[in-house]
Amino acid sequence: MSSRFSLALPAPLRHFFALFPLYEYPPVPAPYAARPVDAPTLWIRAPRVPTDDVLSADVECLKWQAYLALRGCHDIALRWDVSADGALEGQLPNLQLPAAATPGESTLLPAHLLPGWADARVGALDLLEGYADDAARDESRAWVALMEGNVHAALVRPPVFLACLRRARADERPRSAHHAVETMLSPPPAPLTGLSSLIPPYGTHIDRSAVELQYKEAIASLSERLGTDKWFLGSDAPTALDALIFAYLHCILHCKDNTVRIEVTRRVNLVAWERRVQALVRAAFRRPDTPSES
Amino acid sequence: MSQINPGSSHLVLHIWPPHVSALSFDPLCTAALLYLQLSIPGRFTVAHCANPDASPSGQLPYLTHGLHSAATLPAIIKYVTHLGRARDVDAALGPLEKAQSAARIAHVQAEYGDLVAHMAYALHTNWWKTTRPALVSMLPVPQRYYVPHRMRESYRPRLEAVDLWGTPGEEVEEEEEKRSTFQREKKKRQETGPEKFKRTFARERVLERARVFLDMYTKLLGDHQFFYPHLAQPTTLDIVFAAHTHMLTSLPFADPLFTDLLNDSYPSLIAHADAVKSFAFPDPASHPPTIQSDLRLSIKSLFTVPAHPAPRRQPSSPETLAEERRYKLMRWGWIGLSALAVVAYIRWTGLTIQFVSEDDEEEEEEEEAATLEEIEEAVDEAAA
C-alpha cells in the first residue's frame, strides 16, 4: 500500500541526476590531538625572557598569576603558545583543568572564575576578604581604582609622542576594548582632530603631562601608604590588592620608558617589597619544559 | 577671552556654563570652581566656555594665568597650591591621610564619575530630554548640530568597558527613534513582557552598584559634616565628592534614577554637598566675576589644528644658542649655494626655453609627413 503512494523520481530526472554522482569518503583521522594535561595549566602571554622567567609580560595575566600564588595555590603549570584569540572571551589568562578533576574532558576557566577555583582548592575567604577590617576593605577598592586608572594609563601610554596618532606596532595594538587607554582616563579624552572641528574625529588627544602628573602622585601615595608594612593596608596575609600592586610594580620596573620606571626605583620600600613578593610568586609556578614533580 | 591688559596676570578659570541650578555642567568643572573659591577667594575670574578645543589638553576645565596655563583638575590644583598667598586646602592632613585621600579621590573620580556619566549620557530618556537640550543651548550655531553626539560617543568606550553603557529596552527605543525620524506618526511600540523584565533587571543592577559605592562613603562620612572631621573644613576629597553629588541633585534629569536613590536613602550625602557649597559660597555676593560664553559663529573654531604636545625645550645656555646660530647659518648657506649653482649652470650651458606656437607645430607635422613620403619613395626605388 505504501508503494502506491510513494513518490518515485521520474526516469528522465533520474538519468539526469546520475550525471552528477555523490561520492562518500570515510572519515579522516586527525593526526594531532591535544595532549591531556595532568596539572592545572594557566594560559598566559609569554614572559619577557621566555627561557628564563615564569612571570608574564602582560599586566592582566600577571595579576592573576600573583593572585593564585598569593592565595596559596602551588604547582601550577604554564603555557604561553596559545594566542589571545583562542582564549575564552578573547582574553588571557585562562586556566585549563586536568581531566581527573572533572569527569570527561578537561575544562577551561575564564579569568573571572579563578577566585572560585582558588576557593575550592585552598578554602574560601571570609567576608573581610583577608583585610584587617571593614574600613581597610573599603579603602582597598579606592587603591584598586587608583592603580587601574592612573597607573595603568601611564603604562599603556606609548612612549613616543607621534604614536598618539594610534598607529601602534603590532605587539602594542590594543587587544580588546578593555585595554584601550580611553577607558582608563576618567574624563574621556577628546579626539585628536578636535571636538568642535568639521574634520571627522580621528585619534585620541592624550595629555602626556597630565597623565604623568597623576601617575607621579599615585606612586607617591602608594609608597607613603606602604611605609614599612609587610602587606598593604596592614593585613596579616597577602590579599588581592597585594597581587594587583605587585603586577603593576613588576611591569613598571621592566618598562622601557624612563620617566615611568624612575618614579618607582626612587622609592626603596616599593622596590624591596616587589622583590620579596616576586620570589613568592615565582615559587608557585612550574616552567613548561621541566618534568612534573611526583 | 578676558585679556584686557596682557601685562596684568589675571587668573581665569574656563569651565562649562551653568545649567538650571548646577554651578557648571561638568562635575570636574564644578570641583575646580569650588577648589579655587576655597583656596584663592576673590582672586580669580570665571569664564564660561563651550569650546573644549581651546584648552591645551582638549578638555575643560582649564586655567590661564598670563602666559601659563594648566589643564585638567590635578594640574589646576597643583598650580593653585603653589601660588603665593594661596590657602592649601589639604595642609592640615598628615602624610598617611594625604595618601589615602589621593586614592579615594581617584576612586570617586572613576566610579562616581562613571555613574554620573551613565545618568547624563547613557540613559536614553535623560540624553534626549535633559542633557542634549542643555548642551544645544550652550553651543553656538554650527557646533550645536554635531558636537553633542560626539561628546556622547566619547563617553561610550569607558562606559562600555565598565558595563554601564545601555540597558536593553532603551537600545530598542533608540533604533525606533532613528527609523521614525522622517515618518509623520511615531508608533509607540509596546514592550513585551521579557523585555520589560530585562530592562528592570538591568536598572536594578546599576542601582545596586551605586548603592554599594554610596554605602562605602556614607560609612566613611558617619555623622560628621566633612570627611575629615578634625579639620572642620572641606578638603579636596570633600570637594570632588560634593561636586558629583551636586551634579546629580541639581540637574533636572527626566529619568531620576540616582537622584531618587540619593534623596530617599542618603540624606547625609546631600547634606554634605550642601555644606561644602555653602562653605565655599557663604552668600550670593561671594560669586567670582563671570564672563559669559560667546555664542557667535566662529569660523576658526571649525578648523582646529590637530594638537600635538609642545616639544620639551631644554633651557637654552649660551653654548646652545651659538651652536643653533651656526647650524642656522650652515642651513641657509647650503640652500643659497644650491640656488646659485642652478643659476650658474643655466647661464654656462646656455639653456634657453623656447615657446613653440601652434602654427609651428602644424608645419612640423607637414614636414614630417613630407619626409616620410620621401623615405618611402627612396625605399621603393631601392627595391625596384
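Residues are numbered from 1 along each chain as its sequence is written, and chains are lettered from A and ligands numbered from 1 in the order in which they are written. The model being predicted, local features need pLDDT of at least 70, side-chain atom pairs count only at pLDDT 80 or more, and totals for chains, interfaces and linings use all residues, while side-chain values use heavy atoms, with hydrogens and water left out.

Chain B comes first. It has 12 helices and 5 strands; helices here are DSSP runs of H or I with at least four residues, strands are runs of E with at least two, and both are numbered from the N terminus. Of its 384 residues, 42% are buried. Buried means under 20% relative accessible area, exposed means over 50%, and partly exposed is in between, using a 1.4 Å probe and protein chains only.

The term stands for a side-chain nitrogen of Lys or Arg within 4 Å of a carboxyl oxygen of Asp or Glu. One of them pairs A:Arg71 with A:Asp119, and their closest N and O atoms are 2.6 Å apart. This pair links distant parts of the chain, with A:Arg71 in helix 3 (residues 59-71) and A:Asp119 in helix 4 of chain A, 48 residues apart. A:Arg71 counts as buried because its relative accessibility is 15%, while A:Asp119, at 27%, counts as partly exposed.

Helix 5 of chain A (residues 134-156) holds another pair, A:Asp134 and A:Arg137, which are separated by about one helical turn because they are 3 residues apart. Their salt bridge has its closest N and O atoms 3.3 Å apart. A:Asp134 is partly exposed at 38%, whereas A:Arg137 is buried at 15%. A further salt bridge brings together the side chains of A:Arg225 and A:Glu139, at 2.8 Å from N to O. A:Arg225 sits in helix 6 (residues 208-226) and A:Glu139 in helix 5 of chain A, so this pair ties together parts that are 86 residues apart in sequence. Both ends are tucked away: A:Arg225 is buried with a relative accessible area of 12%, and A:Glu139 is buried at 5%. Salt bridges also link A:Glu60, A:Lys63 and A:Glu148 in a network.

The peptide bond from A:Leu92 to A:Pro93 is cis, with omega near 5 degrees, and A:Pro93 belongs to the loop between strand 2 (76-79) and strand 3 (94-96) of chain A. That loop also holds A:Glu89, a residue other than glycine with a positive phi, near 60 degrees. A:Glu89 is exposed at 57%. A:Pro93 turns up again among the contacts of A:Ala111, which also touches A:Trp64 and A:Asn94 when neighbours within four places in sequence are left aside. In chain B, a cis peptide bond joins B:Leu60 and B:Pro61, with omega about 0 degrees. B:Val20 is not a glycine, yet has a positive phi of about 55 degrees; B:Val20 is exposed at 61%.

Finally, the surface carries patches, made of residues with over 30% relative accessible area and no salt bridge, where like charges are joined within 9 Å and nonpolar side chains (Val, Leu, Ile, Met, Phe, Trp, Tyr) within 5 Å. A nonpolar one is formed by A:Leu9, A:Leu13, A:Phe16, A:Phe17, A:Leu19 and A:Phe20, with about 630 Å² of accessible area together. A:Phe20 counts as exposed, at 57%.

Note on methods. Accessible areas come from the Shrake-Rupley method with a 1.4 Å probe; for residues, only the protein chains shown count as cover. Contact means heavy atoms within 4.5 Å.
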